[in-house]
Amino acid sequence: MIKFHPDTNMLAEYVNGRLDWAVSICVAAHLQMCTQCRQEVANLNAIGGFLLSSDENHNSDAEDAKLAAPQNLDTQSVDDSVESEAKSDKFANLMKTIRQSEDNPIVVKKQAPMLANCHARDEALKEIPPIVKKLLPEQEIKWTRISKALKMARLKAGQEKYEMAFHRISSGGQVAEHNHRGLEITMVLHGSFSDSGGIYTPGDFIVKKPGEVHKPRATEDRECLCLSVVEAPVAVTGWVGKLVNPFLKIKPA
């Protein structure tokens, strides 16, 4: 069960097309796995459509009211009354539709692209969201060993602000404790990991902001594969960090 989600503000920015491309990909991947957030996005779209429609119809409704009003009436009062009543009816209908849709969650049939032969043997890649499959290279993934427990592979997302990558923690493996120098979004694709904030399973969407420290550890029974988007290099804590932090870089692509 998915327990960690993008907040409403991030989903609203996604609906409005205001998120950076790499972050938007992460949100889209989460939506392909999360019924709850798909419903929230549908509700946000419905509310946005209602507000847009209300603005467009306001002028024409007001003009009709003026023409229909007797000459000795205050047309401004008529305008306000008509507008208020119309908006009230429309909003009531909108909320009724939203409540009905929440009782019948949106189900998406995933038309996932086929994995290339070079990826099909990798169990961790078989259930990843369709949008993530489209980011896979045509050839075998080139993994870089970061530590005994952690490997990473950078992905090309066609943008220059964030590094997007797979991070793979071996079963029972622990990543060095680190701070964040910029926004980091992690979405679990396979397996699970934990830190002081909880246990994260496939579909979970974890946001870490600058200054937040954690020490991820994969569960003992299987490795963990995550999709990560980072705005800046992490900062490893302790004496090891003093040695390695100056060399840590991100490479947006």
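## Second largest pocket

The lining of the second largest pocket comprises six nonpolar, no polar and five charged residues; here Ala, Val, Leu, Ile, Met, Phe, Trp, Tyr, Cys and Pro count as nonpolar, Asp, Glu, Lys and Arg as charged, and the others, Gly among them, as polar. The residues that line this pocket are Leu135, Pro137, Glu140, Ile141, Lys142, Ala153, Arg154, Leu155, Lys156, Lys251 and Ala253. Its space is about 280 Å³.

A pocket is defined on a 1 Å grid over the protein atoms alone, as an open set of points where a 1.4 Å probe fits, with protein on both sides within 12 Å along at least five of seven lines; lining residues have an atom within 4 Å of a point. Grid points are joined across faces, edges and corners, and a volume is the space filled by probe spheres set on the points.

## Basis of the values

This is a predicted model, in which local features need pLDDT of at least 70 and side-chain atom pairs count only at pLDDT 80 or more, while totals for chains, interfaces and linings use all residues. Residues are numbered from 1 along each chain as its sequence is written, and side-chain values use heavy atoms, with hydrogens and water left out.

## Largest pocket

The largest pocket has a volume of about 760 Å³. It is lined by 33 residues, of which Ile146, Leu150, His167, Val175 and Val234 are the closest to its centre. Strand S1 (144–145), S2, S3, S5, strand S8 (205–208), S10, strand S11 (234–236) and helix H7 (238–244) each give two or more residues to the lining. By class, the lining divides into 20 nonpolar, seven polar and six charged residues.

## Overall make-up

The protein has seven helices and eleven strands, taken as DSSP runs numbered from the N terminus (helices H or I, at least four residues; strands E, at least two). Of its 253 residues, 38% count as buried, where buried means under 20% relative accessible area, exposed over 50%, and partly exposed in between (1.4 Å probe, protein chains only).

The accessible surface is about 14,800 Å², and 52% of that belongs to carbon and sulfur atoms; the areas come from the Shrake-Rupley method with a 1.4 Å probe. Among contacts (heavy atoms within 4.5 Å) with a separation of 6 or more, 65% join residues 24 or more positions apart.

## Nonpolar cores

A nonpolar core is a set of buried Ala, Val, Leu, Ile, Met, Phe, Trp, Tyr and Cys residues joined through side-chain atoms within 4.5 Å. The largest has 35 residues, and Leu125, Met164, Phe166, Ile185, Leu189, Leu227 and Val229 touch the most other members. At least two residues each come from helix H1 (8–15), helix H2 (21–31), helix H3 (35–68), strand S2 (150–155), strand S3 (163–169), strand S5 (184–190) and strand S10 (224–230). H2 supplies the largest share, seven residues. A second, separate core has ten residues, including Ile169, Tyr200, Cys224 and Cys226.

Ten of the eleven residues of H2 are buried, among them Val23 and Cys26.

Asn45 is found in helix H3 and is partly exposed, with a relative accessible area of 44%. Its C-alpha atom is separated by 6.8 Å from that of Val15, 30 residues apart along the chain.

Met114 is found in the loop between helix H4 (75–103) and helix H5 (117–120). Met114 counts as exposed because its relative accessibility is 78%. The C-alpha atoms of Met114 and Pro130, 16 residues apart along the chain, are separated by 9.1 Å.
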